[in-house]
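Please open the model in a viewer and keep the sequence at hand.

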Amino acid sequence: MHYLKTFAGLILILFLFSFSSEEKNNSTNTSQQEKAVFPAEVHSVLKKSCFDCHSDEAKKILSKSKLNFDKLDELSEVKMIATLKKVEREIKEDKMPPKKYIQKNPEKNMTEDEKTMIFEWIKTELDSK
């Protein structure tokens with residue numbers, strides 16, 4: 001009988017611990033969302049046109065190592081400024097997204113309005129530095 005009470009107590013502790021872990025995971029996800037570097041509209045464009053190659057989920061390690069938008073907020077101010085200027089230059093010169101990628105995925109191309117939005121966001125970010 002004593003073993004049964006001990007076993008029931010252990011089950012109860014494990015059950016309560018599982019809720020505690022779930023709350024921690026939810027609060028971690030919330031804090032990651034709160035530290036987002038870009039507004040929702042910008043995020044939407046970047047997700048559509050850039051994240052396949054330049055995010056934590058990207059499969060190509062080289063592209064991800066050159067620029068990872070998920071790690072943008074971890075850069076020093078100097079590195080952030082240089083990175084944003086390079087992003088702007090690459091888009092303006094039609095180097096990003098790459099032509100081969102757009103040929104295979106035409107829906108991923110940025111419209112002129114989307115490019116303008118990205119440029120305005122970059123300008124705002126640079127002005128705040």
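Select Glu93 first: this residue is partly exposed at 43% relative accessibility, where partly exposed lies between buried (under 20% relative accessible area) and exposed (over 50%), computed with a 1.4 Å probe and protein chains only. A salt bridge here is a side-chain nitrogen of Lys or Arg within 4 Å of a carboxyl oxygen of Asp or Glu. Lys95 is also partly exposed, with a relative accessible area of 44%.

The model is predicted: local features need pLDDT of at least 70 and side-chain atom pairs count only at pLDDT 80 or more, whereas totals for chains, interfaces and linings use all residues. Residues are numbered from 1 along each chain as its sequence is written, and side-chain values use heavy atoms, with hydrogens and water left out.

Remain at Asp94, in the loop between H4 and H5. Its phi is positive, at about 55 degrees, although Asp94 is not a glycine. The relative accessible area of Asp94 is 37%, so this residue is partly exposed. In the loop between H4 and H5, select Pro97 as well. The peptide bond leading from Met96 to Pro97 is cis, with omega near -15 degrees.

Next, display the whole chain as a cartoon. How many helices and strands does the protein chain have? There are six helices and zero strands, helices being DSSP runs (H or I) of at least four residues and strands runs (E) of at least two, numbered from the N terminus. Of the 129 residues of the protein chain, 28% count as buried.

Proceed to helix H2, residues 40-49, and select its buried residues: Val42, Val45, Leu46 and Ser49. Viewed down the axis of H2, these buried residues fall within an arc of 95 degrees, so they line one face of the helix; the arc is that of the directions from the helix axis to the C-beta atoms. Ala40 and Lys47 are exposed on the other side of H2.

Side chains of opposite charge can pair when their charged atoms come close. The whole structure contains eight salt bridges. In one of them, the side chains of Glu114 and Lys48 meet at 2.7 Å, N to O. Glu114 belongs to helix H6 (residues 112-127) and Lys48 to helix H2, so that the pair links distant parts of the chain, 66 residues apart. Glu114 counts as buried at 17% relative accessibility, whereas Lys48 counts as partly exposed at 23%.

Then select Lys108 and Asp52, a salt-bridged pair whose closest N and O atoms are 3.1 Å apart. Lys108 is in the loop between helix H5 (99-104) and H6, and Asp52 in the loop between H2 and helix H3 (61-66), 56 residues apart. Lys108 counts as buried at 17% relative accessibility, while Asp52 counts as partly exposed at 38%.

For the last stop, select Lys79, which is located in helix H4. Lys79 is partly exposed, with a relative accessible area of 48%.
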